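Me: Please take a close look at one part of this structure for me. I want a helix pair and its surroundings, in one connected account.

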Amino acid sequence: MTLTQIGTADVHNITSGQVIIDISTASKELLENSLDAGATQVTITFKNHGIDSIEVSDNGTGIDEEDFDSLCMKHYTSKLRTFEDVANLRTLGFRGEALSSLCAVATVDITTSTKTMQPRAYKLEYDQRGNLKSKKTASRSCGTTVLISDIFRNLPVRKTDLIKNGRREFQKAVTLLQSYALIKVGLRLVVQHVDSRGRKTIMLATSGSKQLRSNVLSVFGANGMAGLEPIDFQLNISARFRLKACDMSLSVRGFLSNCSFGKGRSATDRQFWYVNGRPVKLQQFSKAITDVYKTFNHLQCPVILLNLELDPQFIDVNVTPDKRTIFLHNEAVIIEALKERVAEIFSGQDISIPKSQLT
Ligand code: ADP
Ligand code: MG
């Protein structure tokens with residue numbers, strides 16, 4: 001057998017398809033970049049369910065001219081310098097892979113302006129390998145607009161799937177963006193769709209309020225807010241970490257269904273988890289809370305919107321390319337403590353569903 005090493009350009013194409021899996025990951029990576037750039041206003045426009053283009057426009061810091069050449073190169077990031085920095089991350093991005101991967105699977109145009117450039121801006125075009133292809137002056141207020149078009153042009157199976165299931169894929173993207181709209185207080189986020197005839201529909205809009213409650217109202221409406229109780233407590237856990245005894249302290253904040261106001265029999269779609277403000281998948285946590293909830297109200301499922309705040313050294317976010325899977329130190333112990341606390345909260349509530357239906 002003769003082993004050959006895969007060429008750098010081919011490796012780039014192979015790994016990029018894992019970072020940008022679908023239009024959900026494409027749009028959420030761009031939103032994360034806007035948030036990391038300190039944006040308070042972000043508008044995301046999907047044309048033809050994202051098949052034609054996805055545009056993300058923000059009022060963040062903008063990009064310095066000295067970074068234009070390396071911006072879309074693999075592993076170029078402004079967010080960390082060494083592996084050790086991963087343990088203290090506060091930004092949503094850190095691997096420097098999103099823009100370079102987007103270049104590999106789509107056409108990428110960026111228009112940006114910083115405070116010092118104002119009122120000048122630059123429109124930048126990048127090629128498939130992330131090299132800067134053209135740079136023109138433009139005009140724009142401080143911030144960045146990234147336009148992704150013709151996504152998956154070199155991945156025919158994925159492209160065909162996207163065209164076939166455009167509506168479903170788009171809905172999936174809106175649901176993922178909802179998870180950011182809910183948790184990011186002080187952010188005015190607009191997600192809109194423009195169809196092939198140019199008709200615009202607003203899918204999601206938050207007002208920029210500092211209150212989590214107001215984000216929930218904007219995203220779910222007054223009906224969706226009904227039965228949600230604010231949650232705010234602390235869990236203190238004794239643990240062992242790096243062979244030493246240590247105390248882990250977690251704050252748990254957000255909203256949880258009152259035990260007589262769940263969201264239907266099996267709906268688990270309104271269950272949102274965050275760790276230090278990062279939307280993540282915590283299926284074991286969802287299952288645990290739902291199990292406790294069902295001992296009080298077996299007819300319904302709870303709506304969950306909970307952020308766990310804890311020291312970043314107890315978290316590993318570098319698990320999957322989409323950064324949605326997370327390892328938590330002492331996960332099983334945290335789940336047990338959380339279940340106990342939530343059961344206490346539910347037992348203090350009035351169950352207004354007729355008792356006959358509950359047993
Ligand atoms: P990462 O977010 O992991 O650093 P990306 O490929 O997503 O990697 O982005 C590369 C770099 O480009 C970022 O570190 C940041 O410095 C810059 N950047 C990307 N998008 C924006 C934006 N909207 N505003 C300002 N800077 C941006
Ligand atoms: Mg990023």
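Reply: Helix 2 and helix 5 cross in a right-handed sense. This is a predicted model. The two helices, helix 2 and helix 5, pack at an angle of about 30 degrees. Their axes lie 8 Å apart. Angles under 35 degrees count as roughly parallel, so helix 2 and helix 5 are roughly parallel to each other.

Now the residues. Helix 2 brings Ile 23, Ser 24, Ser 27, Lys 28 and Leu 31 to the contact. From helix 5 come Glu 169, Phe 170, Lys 172, Ala 173, Leu 176, Leu 177 and Tyr 180. By class, the contact of helix 2 with helix 5 holds 7 nonpolar, 2 polar and 3 charged residues.

Strand 1 (residues 41–47) and strand 7 (residues 188–194) run parallel, joined by 7 bridges. Within this pair, Phe 46 has His 193 of strand 7 as its bridge partner.

The domain assignment of the protein chain gives domain 1 (8–205) and domain 2 (226–349). Taken over C-alpha atoms, the centres of domain 1 and domain 2 are separated by 30 Å. Domain 1 gives 13 residues to the contact, and domain 2 gives 13 residues.

Which helices each supply at least two residues of the side of domain 1 that touches domain 2? They are helix 1 (8–19) and helix 5 (166–183). Helix 5 gives the largest share of that side, 4 residues. The side of domain 1 that touches domain 2 divides into 9 nonpolar, 4 polar and no charged residues.

To put helix 5 in context: helix 5 packs with helix 2, and helix 5 also supplies residues to the side of domain 1 that touches domain 2.

Note on methods. Residues numbered from 1 in each chain as written. Chains lettered and ligands numbered in written order. Predicted model: local features only at pLDDT ≥ 70, side-chain atom pairs only at ≥ 80, totals over all residues. Pairing = 2+ DSSP bridges. Domains from an automatic or database assignment. Contact = placed C-beta atoms within 7 Å. Nonpolar A, V, L, I, M, F, W, Y, C, P; charged D, E, K, R; others polar. Axes fitted to C-alpha atoms, helices over the stretch in contact; angles between N-to-C directions. Parallel < 35°, antiparallel > 145°, perpendicular 65-115°, else oblique. Left-handed = near helix turned anticlockwise from the far one by under 90°.
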